[in-house]
Every structure is written in structure tokens, then in C-alpha cells.
Amino acid sequence: MEQKVIIELLNVTKQFDEEIIVDNLNLKIYENEFLTLLGPSGCGKTTTLRMIGGFEEANNGQIIIEGKDFSDLPPYARPINTVFQKYALFPHLNVIENVSFGLRNRSIEYLTKFYGLEETSKKELKKTLNELIQKSALEALELVNLKGYENRKINHLSGGQQQRVALARAIVNKPKILLLDEPLAALDLKLRQKMQYELKEMQKKLGMTFIFVTHDQEEAMTMSDRIAVMDKGVIVQLGTPKSIYNEPVNRYVATFIGESNIIPAKYLKKDLVRFLNVDFECMGYTFKNNEKVNVVIRPEDFDVVDLDKAKLTGTVLSTMFKGVHNELIVEVKDVKLKVNTYENYVVGEPIGLKVDPYEIHIMKVETNE
Ligand SMILES: Nc1ncnc2c1ncn2[C@@H]1O[C@H](COP(=O)(O)OP(=O)(O)OP(=O)(O)O)[C@@H](O)[C@H]1O
């Protein structure tokens, strides 16, 4: 099925004080997708999100939403709502008042259209709208699992509950697009994981496009349909969590997303690569014969085997129990490899390793290496 583009960024650039923060960015975001902008602090992800939301103006380029150029339009004129890391709730209002605040401040004309109402007397219309807004707010609270909290004061809620109110306040407007700027960053790990799951479920249920900003790669992995990995104002790689994890385009992505071993290698010829002085079968790559390359192998992709069946033999330098598996550092020909295994090893013990051809990912060597 062909996906419909809902937002398109075309050559978007943003400068602050001569410094380029977002550099000629191009990105298509599809209807109903969960797209995450992922990168370390300062890479420009929040600025990108703020430009989509209309809180920041691009110096160059266009932001197209549903086929229309919205570059010069303010936030309230866009079919977008935003949830920030700091919830920005009104402390003097209770939960339901916070959630319904946005709708209550809309014009009668807007609300009549929003609820698809017929023209009636003004008095009648006001009464109907009041009831409808209350109903919408209750539905939004139910969606974020806060039914029964309508009359609570904001400062009598936990951080997680406040974040849910902020979400309810955004989704009550039924925006087509929801922007979320590190909305879970202030929560503790357990609650954050629970909210990650709930957010994803909610997004599927509502059929909204979510654009999510985080510097937490695990969070991005669990929630997103696609991830845009950013570095210094550009998108370095865009793809599904799986493709980014299994086929990182460069050292930056390979080390930012998960743990990896990056080993210098030589691409001998089609389907054959040499590293650590051993020839390995690989699959699906085309480089120049005898080109220098880097091989990426994830710690869980090494098979620990008997020494006589091993392609590589090494010595265990350290071992750490990680709850389910052990994480070993294995020295093979002066190179230290991270290897995950369920087997128990002691330091100094010899170990045999194997790698399946399809677990070997090959990257170009960068010019600065
Ligand atoms: N209004 C502003 N004026 C000047 N510089 C700014 C402004 N907003 C952001 N910057 C700078 O732009 C750079 C990118 O900021 P941005 O918030 O987009 O990064 P980020 O990737 O979201 O990082 P973080 O996770 O820390 O928010 C930073 O160096 C920041 O100091």
C-alpha cells in the first residue's frame, strides 16, 4: 500500500548567530507513522521539531503540511499539537479544566465545524458545545488512563500523571500530527517504559502521525516506525529501527545505536571479507576488490563454539553478568571484542568464536579514519 506524505521538509536550514543548527534538511513524514528524531544533545532535533510546529522560523527552505506550504504560518494555524518535556500545565486549574482549556478558548465558529454541528440558536449551541467539550475531555482522559482524576489538582499528581494530562490536552484537539519533545525524559525508568508502550498503543489507536524527539536510542528503537538519526544538523540515516541497527551507515550510527564491534577489514571479493587475518563469507555487499572497509558485528551476533570448530580463537579478558547473558571482552590478535553469551567463562580462558555470513555488516571507511 502506498503511504501518503503528510509533512515534507524541503531544504530546511536554521541558523542561530551565524551558526548553522539545521543544515539543508530534507525529510518526508508519512500519515499515521511514528517517526523519531534521534541524536545527541545539540544535534538540532528540537530546532527541527520547533520549525515543524511553527515555533521557530526556518532561514531557508519550505515546510509542506498536507500539500500546503506552512512555512510562514504560526503554530495555531497548523494541524499540529505539541507536547513538551516540561508539561506546562495550568496549576490553578484541575485536570479536566486543563484538558478542555484549549477547546473552551476556541471560537464558536471553529467548534461548530470541529464537532460538525448544524446552525441552531446561540444559547442552544453554547449548551451543546459545553457538553461536547466535557465529553471530549473525558474521552481524552480515558485514553491516557486518567479516568476518575478529573477533579484532581495538578500539583496533587505524580510526574507521570502530569505528563498524561499534557498528552490528553494535546490529543483532545484531534490534531493530525502530534509533536513530542522528549516527553518522557523527566520520568523514572519504569514509568518511562510503561509510558513508551502506552504512547505507541495510543498512536496506533488514534491513527495520528507522531513526531518524537529523543536522545535515548532504546526509546527510539521500541517506539518508532522509522528513526531519523541526526548529527550536527543533518540526518545521517533514516530507516526502520531494524535497518538502522543491522545496517548502520557509518561509525557514528553504529556506536550511537546499541553496542557494536567495529573491526578494520579488507573486502577481498564478492561475498568474501578478511578481518583478524581470517577470511569470512559475507552476503549482499559490493565494494571494490581489496578495498579497505570496516566490519560491524554486534556482541550478540558472535557464536561461541568449541575451539576446534572456531573461525577465531581468543582469550577472555573480562566477564560481566548482565542479568540474562554474560558480556565478555575477548582479545583476538590484539583486538578487543565484546561478545554476549549465556555460557559462563573465567578470565584467562581460551574461547572459540564464529560469525554467520548474514551477521556481518560492512561499512565504507570514512575519509577521516
Ligand atoms: N533560540 C536559540 N538561540 C541560539 N541558539 C540556539 C537557540 N535554540 C537552540 N540553539 C542552539 O542550537 C543547537 C541545537 O539545539 P537543539 O535544541 O535543536 O538541539 P537538540 O538536538 O534538540 O538538543 P537537546 O537534546 O539538548 O535539546 C544548540 O547548540 C543550541 O544551543
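Which residue stands opposite Thr13 in β4? That residue is Asn60. The model discussed here is predicted. The protein is divided into two parts, domain 1 (5-246) and domain 2 (259-364), and the centres of domain 1 and domain 2, taken over C-alpha atoms, are separated by 42 Å.

- Strand β1 (residues 5-16) runs antiparallel to β2, and 8 bridges join the two.
- Within this pairing, Glu8 has Lys28 of β2 as its bridge partner.
- β1 and β2 form a hairpin with 2 residues between the strands, and Asp17 there takes a positive phi near 45°.

**The ligand and its surroundings**

- The residues that surround the ligand include Phe16, Asp17 and Ile21, along with Gly39, Ser41, Gly42, Cys43 and Gly44.
- Lys45, Thr46, Thr47 and His215 are also among the residues around the ligand.
- By type, the shell around the ligand divides into 3 nonpolar, 7 polar and 2 charged residues.
- Helix α1 (residues 45-53) gives the most to this shell, with 3 residues.

**Helix α1**

- Of the 9 residues of α1, 8 are buried, so the helix is largely enclosed by the rest of the structure.
- The buried residues of α1 are Lys45, Thr46, Thr47, Thr48, Leu49, Met51, Ile52 and Gly53.
- After α1 comes Gly54, which has a positive phi near 90°.

- Most residues other than glycine have a negative phi, and most peptide bonds are trans.
- Asn24 is not a glycine, yet its phi is positive, at about 55°.
- Asn24 is placed in strand β2 (residues 19-30).
- How many other C-beta atoms lie within 10 Å in the case of Asn24? There are 14, and Asn24 is partly exposed.
- Glu66, likewise a residue other than glycine, has a positive phi near 45°.
- Glu66 is found in the loop between β4 (60-65) and β5 (68-69).
- With 15 other C-beta atoms within 10 Å, Glu66 is partly exposed.

- Strand β16 (residues 312-321) pairs with strand β17 (residues 326-332) in the antiparallel sense, over 6 bridges.
- Ser318 has Ile329 in β17 as its bridge partner.
- The hairpin formed by β16 and β17 has 4 residues between the strands, and Gly323 in its turn has a positive phi of about 100°.
- β17 is also joined by 7 bridges to strand β18 (residues 335-341), and these two strands run antiparallel.
- Here the bridge partner of Glu331 is Lys336 in β18.
- The hairpin of β17 and β18 has 2 residues between the strands, and Lys333 takes a positive phi near 45° in it.

Methods
Residues numbered from 1 in each chain as written. Predicted model: local features only at pLDDT ≥ 70, side-chain atom pairs only at ≥ 80, totals over all residues. Near = placed C-beta within 6 Å. Nonpolar A, V, L, I, M, F, W, Y, C, P; charged D, E, K, R; others polar. Buried ≥ 20, exposed ≤ 12 C-beta atoms within 10 Å, placed from the backbone. Pairing = 2+ DSSP bridges. Domains from an automatic or database assignment.
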